[in-house]
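Here's a quick briefing on a protein model. Have a look at the structure first, then go through the notes by topic.

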Amino acid sequence: MEKKMRFGIKSKIIIGYLIVIVCLFIAFIVLNSQISSLQKERNFIIDHDIEVHDLTNRIEKHLLDMETGQRGYIITGEASYLEPYNSAASSWEKDYNALYQLLNNNPNQQEKLEKIKGSIQDWIEAAGEPTIALKKENNTKELQQFFEKDPGRQYMDDIRSQFTSFRNVEKKSTETRATELDEKNQKIKIGLYGLLLFVTLISLAIAIVLSNSIVNTIKEVTQTIKRITASKGELKGRIKVRSNDEIKDLGIATNALLENIEERNWLQTNIAHAVTMYQGIASVDKLAEKFLFTVSEMTGASFGAFYVREENDKGDLFVKQAAFADRKGDAGRESFLIGEGLIGQAALEKRTLVINDVPDTYQLIASGLGDVKPKSIFIVPVLFEDEVIAVIELASLHEFTVLEQELISQVIETFGLTINGVIRRMEIARLLKESQAMTEELQAQSEELQTQSEELQMQSEELRMINEQLEERTKDAEEKSFELEAAKEDLEEKAHQLELNSQYKSEFLANMSHELRTPLNSILILSEMLEENSAKTLSEDEEEYARIIHSSGKDLLALINDILDLSKVESGKLDVLLAEMNMSELPDQIERNFSHVAEQKKVQLKINKAQDVPNIIHTDEKRFQQIVKNLLSNAFKFTESGSVTVSIQRVADHRLTTAMRTVDTDCWLEIAVADTGIGIPKEKHQLIFEAFQQADGATVRKYGGTGLGLSICSEFAKLLGGWISLSSEVGKGSTFTLYLPSLSNGLVDYEKVNFAYEEVAVSIEKAEPEAEITEIDHPVQPVEPSLPDDENVFQDKRVLIVDDDQRNIFALKTALAKQGMTIMTAHNGIECLEMMKNSEPFDLILMDIMMPQMDGYEAMQKIRGELKLVDLPIIALTAKAMKNDREKCLEAGASDYISKPLDLNQLFSVMRVWLVN
């Protein structure tokens, strides 16, 4: 039978596409032929008809040019009008001949053209040439007679009529051709649709035939697979495919897969059965018999023997433990050594042997009817931890298949572990019997030890009670230690939080001080310059405006200083500078500072100083003056009429309290400030000494203020070793009394005041000191050399101002320029260095500290280090009132230091000293 030709799916699809492509190619050729014919007819209509109309129009144009030239020449006599006439007369016949040739397929139109030609010639002979000749002869009379009759007009009207008739005929001819072209185009369109339908039907037919041939075969395969799936594990069914294509290959591969799966299922089922039959077996001989029976049943083996390794003096000896189809115990030898015979060699080499060519001398397989020679022998060594512990030999009347060999090999893989386990269990059973005998002996000894154990137990109970008492004491000690540790950690955490809060507050106030002092600097400088009115350009009102601005700026500066002082007091970082103070000058100072305020408010100022008040006391004069000024300012602020009385006296010894006597002091002073103002309710007496608090919210709106003065005074008094008391009645006035010791022995009492804080801080781990807000005093002014009054040391001096705030630059530049100085400016340290490298030397530099890109510290270090200008005066200006700023500036290279807002007199004084030196 001849092999069926293979016709694959790919070939079917390619042939189908080729048929469709051939049909499309034929359709394309037919369509292209029709379109080419249609294109030729269209081109003929376009080229022919347009050319006809173009030549017709050109002939008419020539005729019009001849008529226009003739009339222009006759009217004007200018020979230039004859140029279009002569040109048209020589050109119209060329166009006529071309048009006549173009219409060689239309005799009727050619006949009309000949009539038009005769009319044109008649016009030329009757009207054109004669009139031109008459004009050349200057025969005006005959020209007038000629135009009275004007026969040329009739010729022209006839010519136009003939052209109109000619064009109408051409137009109809064009329309006829266009109609014929449309009809042919419609036929092509219908043919195209028909051809497209034909190709579509062929394509559909081919697709249906191909898809059916593919889908039907796939359906047959699918149905067969579904039947196999529905058979619940029965894999006997096979796929049958009649077509000779890829689907047949799929069916063959699927059948092979099913056969493989069937074999694997059989293999896994038998392996599982073989493994489960080991359970519950406790002896090697039972295990060997069960194994031989099960394996013979699975593989169809007819004969078998099972050997297990035993150790003796000769070495490893394999002894028969079981046999299958044994005839009077002659199924194989009873034992063999390793390497002895084929079975011994298999054990030695640890490999499986399959022998299909069985020799005639081999053991016969007995049956009821006789003895049969086996056809195949299968010898398998059983391994455990890479050692042969058993050997199995099987004989069969048929050859062992590959699947049967694989089954036995896989069962053997784990069978060694089972044999070893059974042997171990047998050994354990033997040892258990021996141990039971030993246990009985030990039990007798144990009874003897029982008595000794009871005695030891009584002693152990006593030790346990003692141990429990020790554990309870240890536990109590651990709990107390844990509580102390927790308290310590809590204190450390709170101390850390306080430290952070203080640091954040200090940094905030320092930055706010800088941001407020920077614009305030320019306000005070410019307002002071306006107030001086050196150019006499301001009116009295404008001078008063400048004084108010300057005064408001100073008030704002005082407020900033109050806030900084309060912060320093609260953080415990305010420095107290004890020194001698002359109390005899205090009344004059009060009179000088507040007499004008009393006059303005029409309030009487009374100052009483007792005779026993010492002339000299030891205290911080600056803080003392600040307390007195604040108390007096409040008294005048809240007193509309009456008087403000200041009483200064020494506290008598009989009035000293026990606490006052403990202070190491020369004397106690009592400074009372009494007023007849609005008074303070009793319930508000403690409130007003708190920061940002006043006796009544309405007071804030009526009298102003921030509520900081009394808080600062109270804190300053505590720092100076004293306190402030208050007695007041609403509507009658208030009396604030300052009790203050004279601290001639230094800061002993100041340390005592802070002793409570130091004692609390002992248990807290000391941290690094934080940055503190400190008002920087003005630097000590060097002694100025005496200069003649008429000598101006500032004239023509070159000064460089380095500041990032344009307002400060403007204020300083204006003030210094009035002194005759030449001013240059830079906005940061980088610009400063560039200017110093690229310009003439400067006599002095005013250096701001906080600037972007490069601050004043770095700029001064580079001037001194890189530029080697060690003698150039540099005055540091800053609005950030941080402690040790003066020392930092001097270390960075500054010659002197001034804090903002600047006092122009102070600035000029410092500049004069350094310029002269």
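Predicted model: local features only at pLDDT ≥ 70, side-chain atom pairs only at ≥ 80, totals over all residues.

Residues are numbered from 1 along each chain as its sequence is written, and side-chain values use heavy atoms, with hydrogens and water left out.

**Cysteines**

- The disulfide count is zero, where a disulfide means a pair of cysteine sulfur atoms within 2.5 Å.
- In general terms, such a link is a covalent bond between the sulfur atoms of two cysteines.
- Cys-832 is buried at 0% relative accessible area; buried here means under 20%, exposed over 50%, and partly exposed in between, with a 1.4 Å probe and protein chains only.
- Cys-889 is buried as well, also at 0% relative accessibility.

**Salt bridges**

- How many salt bridges turn up in the whole structure? The search finds eight, a salt bridge being a side-chain nitrogen of Lys or Arg within 4 Å of a carboxyl oxygen of Asp or Glu.
- Arg-58 pairs with Asp-54, and their closest N and O atoms are 3.6 Å apart.
- Why are Arg-58 and Asp-54 separated by about one helical turn? Because they sit four residues apart in helix H1 (residues 9-76); helices are DSSP runs of H or I with at least four residues, strands are runs of E with at least two, and both are numbered from the N terminus.
- Both ends of that pair are partly exposed: Arg-58 has 35% relative accessibility, and Asp-54 has 33%.
- Arg-623 and Asp-620 make another salt bridge, at 3.9 Å from N to O.
- Buried or exposed, what are those two side chains' residues? Arg-623 is buried at 9% relative accessible area, and Asp-620 is buried at 5%.
- Glu-729 and Lys-732 meet at 3.4 Å, N to O. Here Glu-729 is partly exposed at 44%, while Lys-732 is exposed at 57%.
- Shared partners also tie Glu-461, Arg-464 and Glu-468 into one salt-bridge network.

**Surface patches**

- The patch rules first: members have over 30% relative accessible area and no salt bridge, with like charges joined within 9 Å and nonpolar side chains (Val, Leu, Ile, Met, Phe, Trp, Tyr) within 5 Å.
- For charges, Lys and Arg count as positive and Asp and Glu as negative, while His and the chain ends are not counted. Each charge is placed at NZ of Lys, CZ of Arg, CG of Asp or CD of Glu.
- One negative patch brings together Glu-471, Glu-472, Asp-476, Glu-478, Glu-479 and Glu-483.
- Within that group, Asp-476 belongs to helix H9 (residues 402-532), and Asp-476 is partly exposed at 43% relative accessible area.
- A nonpolar surface patch is built from Ile-13, Ile-14, Tyr-17, Leu-18 and Ile-21, which together have about 490 Å² of accessible area. Accessible areas come from the Shrake-Rupley method with a 1.4 Å probe, and for residues only the protein chains shown count as cover.

- Most residues other than glycine have a negative phi.
- Lys-602 isn't a glycine, yet has a positive phi of about 60°. Look for Lys-602 in the loop between helix H11 (586-601) and strand E10 (604-609), exposed at 74% relative accessible area.
- Lys-868 likewise has a positive phi of about 60° without being a glycine.
- Where does Lys-868 lie? Lys-868 is in the loop between helix H20 (856-865) and strand E19 (874-878), and Lys-868 is exposed at 63%.

**Buried residues and their C-alpha distances**

- Phe-624 sits in helix H12 (residues 621-637) and is buried at 0% relative accessible area.
- Phe-624 and Phe-716 are 92 residues apart in sequence, and their C-alpha atoms are 7.9 Å apart.
- Val-910 is in helix H22 (residues 904-916), and Val-910 is buried too, at 0% relative accessibility.
- From Val-910 to Tyr-897 there are 13 residues in sequence and 9.2 Å in space, C-alpha to C-alpha.
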